[in-house]
Amino acid sequence: MSVKLRFAPSPTGLIHVGNIRTALMNSLFCRKHGGTFLLRLDDTDEERSTEEFSQAIQEDLTWLGLTYDEVFKQSERYVRYNKIRDELIAKGLLYPCYETPEELERKRKRLLARGKPPIYDRSALALTEEQRKSYDDAGQKPHWRFKLTHEMIEFTDLIRGEVAIDAATVSDPVLIRADGSYLYTLCSVIDDADYKITHIIRGEDHVTNTAVQVQIFKAIGAEVPKFAHHPLLTDDKGEKLSKRIGGLSVRSLREKGLEPQTILSYLARIGTSDPVEPHKMLKDIVGGFDISRISHSPARFVTHDMENLNSQIVASYDFSEIEIRLKKHAPEADAKFWNGVKFNLKYFSDVAEWYHIIFGNPENIAIPEDKDYLTLALSELQKLDWSTDVWKIWTNTLKATSGRNGKKLFMPLRQALTGMSHGPEMEVIIYLLGSEKIIQRMENAIDSL
């Protein structure tokens, strides 16, 4: 069977890691089964949806490499939604309700006070035509609810297994607001039916909504897709990530310097029984994707772990893969430079700092207490044959002549040559700088003290 899946964000803001995890699962499942991947922009919330966010979503997906085969906006399909709306009204499955939000809240509180679940009592179904007309004549517009059949709604979830929900424990859902605008549920079902979506992968917060949608699919004579509901993301303490999700938009992660491959590699594996590994190609992630391996427990999103993975992704790049990109940060950089510093980069943009250290004039941070030691070091250095293993011979000689070892032996040399207290191995630094620069920097460090 040919599969077709969709990612359906609302263009009311930037997409974040939670959205992308859902999009990625749909994309991976689709690509693994040779199917079609559709982007649907759920923009029926006309007050909050913007063209700017629609464009941003598509740009972020493209940057990540999550390509799609089709795209459309729900705002283009009102004629279709209205047709199905009228058919459901004619069947008595969509009925008008005139309670105000305040009245519904009072009903809810009374039920809770009596220890009962706050389920809508269907009192609107008892209204006579005359009563409805009086509301209409008074200018009170109704909202519209779908009349659920009170039965067990059962479906097989590809992640959670068998799911059964008693429709009698669920309120008849509001599908149309009093102002005539559509809520998510009805439009989504119509679109999934019309576009022949075969599988829907989304967060577990949609499970009850899925039960409702199953009945709506049947009510409009459509085939019910297969569903999979994945656990939501939590932070490293196990708390809901939603409270700080704004700082984890794809746009903010991109600006921070994370590679798209890092984000995909990380989100594809957290919450599964598989190890998180760096992958440079989406096809490699596709090959290892198995929806049955997604855990029933929440997936922990730990920013620090993703940043560590980013370092591995950056270090995996061959010079040929990033040569053009590298020139923007390090115009004179070559393969020798890249291979020397890439294992010390947290973000790709960090290469600019090491470019300045190797090709520029880093600030000297030598301290006065090390002046005699650096003077000795320069003297010993000038005696060496540069065709030999300079760093090893130089430091072994200094260890014997100065009596220093460990940090006191190595750190002053690193600081004098790089202006840093950390970085690539000094053998690499020596190799990249060359004898002329090393001697000049040692002299400059001594003169500054």
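Author: Rings of Phe, Tyr and Trp (its six-membered ring) pair when their centres lie within 6.5 Å; planes under 30 degrees apart are stacked, over 60 edge-to-face, the rest tilted. By that rule, the whole structure holds 13 aromatic pairs.

This is a predicted model, with pLDDT of at least 70 required for local features and 80 or more for side-chain atom pairs, while totals for chains, interfaces and linings use all residues. Numbering starts from 1 along each chain as its sequence is written, and side-chain values use heavy atoms, without hydrogens or water.

Start with Y266 and F301. Their ring centres are 5.5 Å apart and the planes meet at 75 degrees, so this pair is edge-to-face. Y266 belongs to helix α9 (residues 260-269), whereas F301 is in the loop from β12 (299-300) to α11 (303-315), so the contact ties together parts 35 residues apart in sequence. (Helices, H or I of at least four residues, and strands, E of at least two, are DSSP runs numbered from the N terminus.) Both Y266 and F301 are buried, meaning under 20% relative accessible area with a 1.4 Å probe, protein chains only.

W338 sits in helix α13 (residues 335-341) and F348 in the loop between α13 and α14 (351-359), so here the parts tied together are 10 residues apart in sequence. W338 is buried, at 0% relative accessibility, and F348 is buried too, with a relative accessible area of 2%.

Tyrosines get together as well: Y78, Y81 and Y182 make up one aromatic cluster.

One more tyrosine leads us to a sheet. Across in β5, R145 is the bridge partner of Y95. In total, 4 bridges link β4 with the antiparallel strand β5 (residues 143-146); at least two DSSP bridges are needed for strands to pair. Follow R145 onward and its bridge partner in β8 is V174, with 2 bridges joining β5 to β8, again antiparallel. Put together, these 3 strands form an open antiparallel sheet in the order β4-β5-β8. At its edges are β4 and β8 (174-176), each pairing on one side only.

Methods. Buried means under 20% relative accessible area, exposed over 50%, partly exposed in between (1.4 Å probe, protein chains only).
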